[in-house]
Amino acid sequence: MMRSRKTAPSVKIPTSVLRREAQKAAKKMMIAEKKKEKIREAREKAKEKAKDQIEKRKLRKEKTGELFDDHLQRELWASGWIIIGVLLMTLFFSDAVISKSITHGFLWIMGLGAWGFPIVAILIGVLLLAKRELEFFPLRIAALVGVWVSILGLMNLFVPHVDSLALAHEYGGTLGFTLGFFPREFLGTGVTAVLLVGLLWLCITIGFNIRWSHFFLSQSEKSDEKQKNIVSSEKETSKTEEKREFSRARFANDLEIVDTTRSHDLKKQKNEIQLEQRDELTEAKNRMIEGQWEPPSIELLKKQVSTITVNEKKLRDDA
């Protein structure tokens, strides 16, 4: 016998419960949509604010760019360095109390190097004005500062290590003392001098862009380098000339435009073969008739009837 198939128990859910659940789900969806709209509005407001700020910055840059271009900024920096140098020189030689305290502070920091600092400042200002191609990028500025500090450290090595701090204002100042104290304490004066000279060497090569190899080359090697430079320059010029000739040959017009108003061009035109298009009508019109002209006979004016025989088959074939 066939067994009856078991059916799942049916659960009857009232419509009020379903309606309530649907309302809850709809409320959740509405809240989520409102949150999304708020987030979108906040993003749009942030974008608008950012655009407004960017536009304001651009306007400020344009306004300041009109007032302070690169040429004017360079002159301002140069004049500032010159003014600082002259001001420090006048302060160092002044007898006022405040100027003496400022001088004492510079001597405590740099020692004898404080007297050279105004001269260095004036030289920097003059270089900024005189050599416009000279650029003071951050690495070069750091190298120049390293040159100055290493010189102060070398100056402080002339003082005994025990009295280096007490007499620092007479030699390299506190900068020179701090730079050379620990190497001098643990490695000795000779090793510290070698380290400071090496630091000075590196800073000079970077700051002043010096190639020391040129100083050690012999005259023959220098002449060879000059010849190589000349050959390379000649090769570059020949390459540029070849490019120009190639461009001219590429875009040159084979047709020569001749000016008939000049005698030199007229001579050339006589020697050249001129090809003109032939026209039968113009040749017949310009043809000269030899002998006497005889009028046609009067018989041509008489009305005469003439019959023309036409072969219709031949006409159809020709058509």
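**Notebook: spaces and a helix pair**

I began with the largest cavity: by class, its lining has three nonpolar, six polar and one charged residues. I work from a predicted model, where local features need pLDDT of at least 70, side-chain atom pairs count only at pLDDT 80 or more, and totals for chains, interfaces and linings use all residues. Residues are numbered from 1 along each chain as its sequence is written, and side-chain values use heavy atoms, with hydrogens and water left out.

**Terms.** I count Ala, Val, Leu, Ile, Met, Phe, Trp, Tyr, Cys and Pro as nonpolar, Asp, Glu, Lys and Arg as charged, and the others, Gly among them, as polar. On a 1 Å grid over the protein atoms alone, a cavity is a set of points where a 1.4 Å probe fits but cannot get out; a pocket is an open set with protein on both sides within 12 Å along at least five of seven lines; lining residues have an atom within 4 Å of a point. Helices are DSSP runs (H or I, at least four residues), numbered from the N terminus.

**Cavity.** I find one cavity of 30 Å³ or more. About 50 Å³ of space lies in the largest cavity. Its lining includes Gly153, Asn156, His161 and Arg184. H6 (173-186) gives the largest share, five residues.

I looked up the largest pocket next and noted a volume of about 860 Å³. Of its 26 lining residues, Trp81, Val120, Ile124, Phe136 and Leu144 are the closest to its centre. Helix H2 (70-92), helix H4 (113-130), H5 and H7 each give two or more residues to the lining. The largest share, eight residues, is from H5. I sorted the lining into 20 nonpolar, three polar and three charged residues.

**H5 against H7.** How far apart are the axes of H5 and H7? I read 8 Å, at an angle of about 150°, for H5 (residues 138-156) and H7 (residues 189-208). H5 is therefore roughly antiparallel to H7 (an angle over 145 degrees). The axes are lines fitted to C-alpha atoms over the stretch in contact, and angles run from 0 to 180 degrees between N-to-C directions. Contact means heavy atoms within 4.5 Å. Among the H5 residues that meet H7 are Leu139, Ala143, Leu144 and Gly153. On the H7 side I listed Leu196, Cys203 and Phe208, among others. By class, this contact has 15 nonpolar, four polar and one charged residues.

**Leu91.** I found Leu91 in helix H2. Leaving aside neighbours within four places in sequence, Leu91 is in contact with Ser99, Ile102 and Thr103.

Methods. Angles under 35 degrees count as roughly parallel, over 145 as roughly antiparallel, 65 to 115 as roughly perpendicular and the rest as oblique. Grid points are joined across faces, edges and corners, and a volume is the space filled by probe spheres set on the points.
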